[in-house]
Protein chains: 2
Amino acid sequence: MPSTTLKYPTQPYSKVNRYDTRGENQPPTNSLHTSQYSPTDHRPQASYALETIHQIVNTCPILHVSFAAPDSPFPTMLPMIGQMGSFARPSADTGDVLELYLHGYVSSRLMNLARKADDNGSAEANGLPITIGASHVDGLVLSLTPNSHSYNYRSATLFGQAVPVTDVAEKLYAMQLITEGIVRGRWAGTRVPPNGAEMQSTSVLRVSIAAGSAKVRTGMPSDDRADMEDGALLDRVWTGVVPVHYAMGEPMPSPYNRVEKVPAYLEEFRTGFNDDAVEGAVEAATKSMAAKAKKGDS
Amino acid sequence: MPSTTLKYPTQPYSKVNRYDTRGENQPPTNSLHTSQYSPTDHRPQASYALETIHQIVNTCPILHVSFAAPDSPFPTMLPMIGQMGSFARPSADTGDVLELYLHGYVSSRLMNLARKADDNGSAEANGLPITIGASHVDGLVLSLTPNSHSYNYRSATLFGQAVPVTDVAEKLYAMQLITEGIVRGRWAGTRVPPNGAEMQSTSVLRVSIAAGSAKVRTGMPSDDRADMEDGALLDRVWTGVVPVHYAMGEPMPSPYNRVEKVPAYLEEFRTGFNDDAVEGAVEAATKSMAAKAKKGDS
């Protein structure tokens, strides 16, 4: 872990917009959060810290990857799996400067685009420019009026240049990183390493990150003064947070499974995941914004 | 509900790519699924059915919205909240032709872009071209080798033209639709309607959908023949599905909450949500692809 908190540079395209409560011509609604009258600051916090961003990305089961599509006004959007890592160093410490390894159906189009971009000779612009979104919902934030409703959430965006991984050792590193990122211990629990055909048939993209940002909302609801002073309203409307989290159910064996007992690494992973998920959502609801800001994480 | 299954037109930019098991130069990895040697078809199913796509979008707590950013090689990516609906008709039947209403921090940039695009005079190209991604994870699909690991998942993409909603009645319709889409019964359970300042301060985008597609993977793992015939491997590696779903925990009252009992509509919503979530994930694991295909849903 680096001794200082590393941050991504703020680029015009990566700057997180938070509405200014004193601005007048700004649309005052905020991402997933519209409470503009709040006496305390319950607005989402922006962060450019590598660790915050990388953790959101690494724990997100599906990433949304977007890139310009030739001959279409609409960007392409693909669901993919990914993990932060550095094969060159090597490191997978989330506070470190890392690259993003992406796996999934990368379509001949994406692979060709990335390959072409990689061949264009410009050292700086190597690769296909892509944007990656990762979001978690941590709770429903229910206030007195619909306009101040919100989610507790963590959302990250990364911007970078994607190239196909061709080096076999690096591809193997990425495959293991991604598999372990989904179920810790699973790699060694299966038939590895992949054979030649499997290595050949697996497409992995490496994304060099140019910039990134995160937006995090935690805490309880907040309402504007007029509603807070309306006793009848307070007596009628329940306010608070409903924690939201992923849960992993009882493993269901395949028709050809012969291993009677679910392996220890899988049960440990599953129960640990479930405990952390509940705890994280409850913590998000009780965490105060002030406490978060003190961590110097923005 | 329409008597026939409505489908989105297949556009070059919306076509779902499924690898061809017989192709050789295609990257054979598949979106979140890489089992190319499967004797049975466990590949994700593509669908263009409005109902399938709209249901994935409506039940997705956070949508990822992407659009081209002027002066940046990277598309912009924003987390937003949305629901399918038609104010003009009106209808919110997921099998119907609908528009997507988006709410969230739409940034002066996005609002200005959408407004500008709306003013450009061309009736066809009205609005800002945006792409919307919605994904659900339903399970970890654990097979004999990492390469055939997968998720059970549902993923949808919509392509359309976004314009800001200016009509007050339509905006109110969209706000109610979106609030009810998150917690059924909540709109009436709060202080409504929003006052003038709230209406003014809330930004809603209406997206006219040009095309859309979905990709769904269900069922158990599948492995290639060589691994399936390896008895030692079968004796060693647990295979099956770990169901994954969202869960909503015990409601946590806000510091200013005075309503002692969690309202019935909220408890009903929460328990219904949790029951459906568990059931959905287990069903996804046990559902066979053949049964799905029979529904004529692709």
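Let me start with B:Ser148, which at 6% relative accessibility counts as buried, because the cut-off for that word is anything under 20%. Please keep in mind throughout that this is a predicted model, and that every value I quote is computed from it.

Where does B:Ser148 sit in chain B? Its place is in the loop between strand S5, residues 128-142, and strand S6, residues 150-164.

Chain A has 8 helices and 9 strands, and of its 298 residues, 61% are buried. If we take the contacts in chain A with a separation of 6 or more, 74% of them are accounted for by residues 24 or more positions apart. The accessible surface of chain A comes to about 12000 Å², and 52% of that surface belongs to carbon and sulfur atoms.

Finally, how are the two chains related? Chain B is superposed on chain A by a rotation of 180 degrees, with 0.0 Å of shift along the axis and an RMSD of 0.0 Å, and that is the relation of a two-fold axis. Which residue of chain B comes closest to the rotation axis? That is B:Tyr246, whose C-alpha lies at 2.2 Å from the axis. As for the interface, 100% of the interface residues of chain B are also interface residues in chain A, so the copies meet through the same surface.

Methods: Residues are numbered from 1 along each chain as its sequence is written. Chains are lettered from A and ligands numbered from 1 in the order in which they are written. This is a predicted model: local features need pLDDT of at least 70, side-chain atom pairs count only at pLDDT 80 or more; totals for chains, interfaces and linings use all residues. Side-chain values use heavy atoms; hydrogens and water are left out. Copies are superposed by least squares on the C-alpha atoms of residues with pLDDT of at least 70 in both. Contact means heavy atoms within 4.5 Å. Helices (H or I, at least four residues) and strands (E, at least two) are DSSP runs, numbered from the N terminus. Buried means under 20% relative accessible area, exposed over 50%, partly exposed in between (1.4 Å probe, protein chains only). Accessible areas come from the Shrake-Rupley method with a 1.4 Å probe; for residues, only the protein chains shown count as cover.
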